[in-house]
Amino acid sequence: MRPAAFITGITGMAVVAGLLLAGEARLGGGTAGEETASAEETVTAAADAAPKAGERATMSDDGAEMIARSVEPTAPPSQAPSDGVAPKPAPQQAETPAGETASPATKKAVELARPMVDNAGILSFGERRLQIAGIVPTPVDRICGPAGRQWPCGMMAKTALRLLLRNRSVSCDLETVEWKETVTTACRLGTEDLGSWLAENGWAEAAVGSPLTAAAEKARQAGKGLYGDDPRRN
């Protein structure tokens, strides 16, 4: 065999072996090769995108968005309410000019002993006065009835309330027991609301816009209290 032919054959075998090895390497490590190539392309693209000396740096919107996303911290997933309804913000209390939170004054039931009856609608506790809410106090000097049959209904209304209370303690809704002058509020004798009792029995008229208006009108139509005859003649 000629030397030239021998060398050619050896070379051909080496080429074939190299092709086989290259094919095996591509089949087994194709992903790594692709990642290496991708990294090399990224570096090359970044190098090509770098501005040359004397040129103004520019960047496309897509490029800027990709960079922003790469450095942006991952936000924690938002926790939605289990019922699917967005939570309502907690109500904020009004603040005073000094910056302090203003707490609205609250009323509570306070027991008051030995009430004195000034008229059908006003109770007194020493120098303090308490007007029963929902009604218009009936003056003691009020006169009712037609001419010739008039009677002192104001005094009778006061007496009716006094007989109901009989010096027993009442429970009234107050912000403080140390009020001054006259305060208007609801009062009860046990479970009996005094304003309702006066309106339902016709011993006081309902105040404008009062929920006791219907009860007072019913008493008027029935001729009770102020709207009836002198009870002393019955």
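**View 1. Asp-229 pairs up with Arg-149 in a salt bridge, with 3.8 Å between the closest N and O atoms.** A salt bridge here is a side-chain nitrogen of Lys or Arg within 4 Å of a carboxyl oxygen of Asp or Glu. Asp-229 sits in the segment after α6 (213-221) and Arg-149 in the loop between β5 (135-136) and α4, so the pair ties together parts 80 residues apart in sequence. Helices (H or I, at least four residues) and strands (E, at least two) are DSSP runs, numbered from the N terminus.

This is a predicted model: local features need pLDDT of at least 70, side-chain atom pairs count only at pLDDT 80 or more, and totals for chains, interfaces and linings use all residues. Residues are numbered from 1 along each chain as its sequence is written, and side-chain values use heavy atoms, leaving out hydrogens and water.

**View 2. Arg-220 and Glu-217 meet in a salt bridge of 2.6 Å, N to O.** Both belong to helix α6, 3 residues apart, or about one turn of the helix.

**View 3. Arg-232 forms a salt bridge with Asp-230, the closest N and O atoms being 2.8 Å apart.** Arg-232 is exposed at 53% relative accessibility, while Asp-230 is buried at 5% (buried: under 20% relative accessible area; exposed: over 50%; partly exposed: in between; 1.4 Å probe, protein chains only).

**View 4. Leu-194 touches residues including Leu-123, Ile-132 and Val-170, leaving aside those up to four places away in sequence.** Contact means heavy atoms within 4.5 Å.
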